[in-house]
Amino acid sequence: MTCQTYCLFVLSVIMIYSGCSGSALFLGQLQNDIDKLKADFNASNSDVADGNPVFIEKVKNWTERNEKRIILSQIVTLYLEMLKKTDMSKPHIKSLSEQLNTLRNTLSNDYKKFRDLVELSNLQLTGLKIQRKAVSELFSVLQKLVETSTSKRKRSQSPKRCRC
């Protein structure tokens with residue numbers, strides 16, 4: 001998969017999971033902007049094909065729609081950070097940034113969820129006070145886990161209704 005196709009694919013996936021319709025983002029214009037961005041980055045260089053994709057493999061690990069929205073919100077943010085370090089005076093970069101900002105705004109709640117995950121992964125449980133707090137919350141956390149798994153099981157066991 002070429003870099004331009006890959007970028008367009010990622011943006012299309014993000015659009016689908018963010019709920020944006022095709023009219024909100026013009027894929028044809030995105031294709032042209034990505035072509036220009038590809039030229040800016042010399043993305044046709046042979047080393048681009050080396051190794052694994054940057055984002056797509058990560059998205060595959062997230063299976064539920066709401067889960068994918070969380071990871072895609074972070075991917076959009078990473079693209080925006082990458083574009084900020086380029087020449088924003090170029091029309092194609094400005095256009096891509098605007099489109100990605102639109103997507104990020106639709107994914108803002110999902111980005112907050114991602115930040116929660118990052119905070120949890122960085123949480124230091126070495127202090128006695130934080131350990132006490134964690135232990136006092138343990139039963140509530142387990143209750144939430146049981147409620148979540150029970151509700152999923154009920155949904156999967158409920159009879160499917162025909163929508164004829």
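1. A quick word on terms before we start: helices (H or I, at least four residues) and strands (E, at least two) are DSSP runs, numbered from the N terminus. Please keep in mind that this is a predicted model, in which local features need pLDDT of at least 70 and side-chain atom pairs count only at pLDDT 80 or more, while totals for chains, interfaces and linings use all residues. Residues are numbered from 1 along each chain as its sequence is written, and side-chain values use heavy atoms, with hydrogens and water left out.

2. Overall build. You will find seven helices and zero strands in the protein chain, so by the DSSP definition the elements read α-α-α-α-α-α-α from the N terminus on. Of contacts (heavy atoms within 4.5 Å) between residues at least 6 apart in sequence, 70% join residues at least 24 apart.

3. Buried residues (under 20% relative accessible area; exposed is over 50%, partly exposed in between) make up 28% of the 164 residues.

4. The core. A nonpolar core is a set of buried Ala, Val, Leu, Ile, Met, Phe, Trp, Tyr and Cys residues joined through side-chain atoms within 4.5 Å. The largest one has 17 residues, and I75, V76, L83, L96 and L100 have the most contacts inside it. Helix 2 (27–41), helix 4 (65–84) and helix 5 (91–106) each supply at least two residues of this core, and helix 4 gives the largest share, seven residues.

5. Two leucines to look at. Beyond its neighbours within four places in sequence, L83 is in contact with L37, M88, I93, L96, S97 and L100. L103 sits in helix 5 and counts as buried because its relative accessibility is 1%. Its C-alpha lies 8.2 Å from that of S73, although L103 and S73 are 30 residues apart in sequence.

6. The second largest pocket. On a 1 Å grid over the protein atoms alone, a pocket is an open set of points where a 1.4 Å probe fits, with protein on both sides within 12 Å along at least five of seven lines; lining residues have an atom within 4 Å of a point. This pocket is lined by L120, L123, L125, I130, K133, A134, E137, L138 and V141. Helix 7 (residues 128–157) provides the largest share of the lining, six residues.

Note on methods: Buried means under 20% relative accessible area, exposed over 50%, partly exposed in between (1.4 Å probe, protein chains only).
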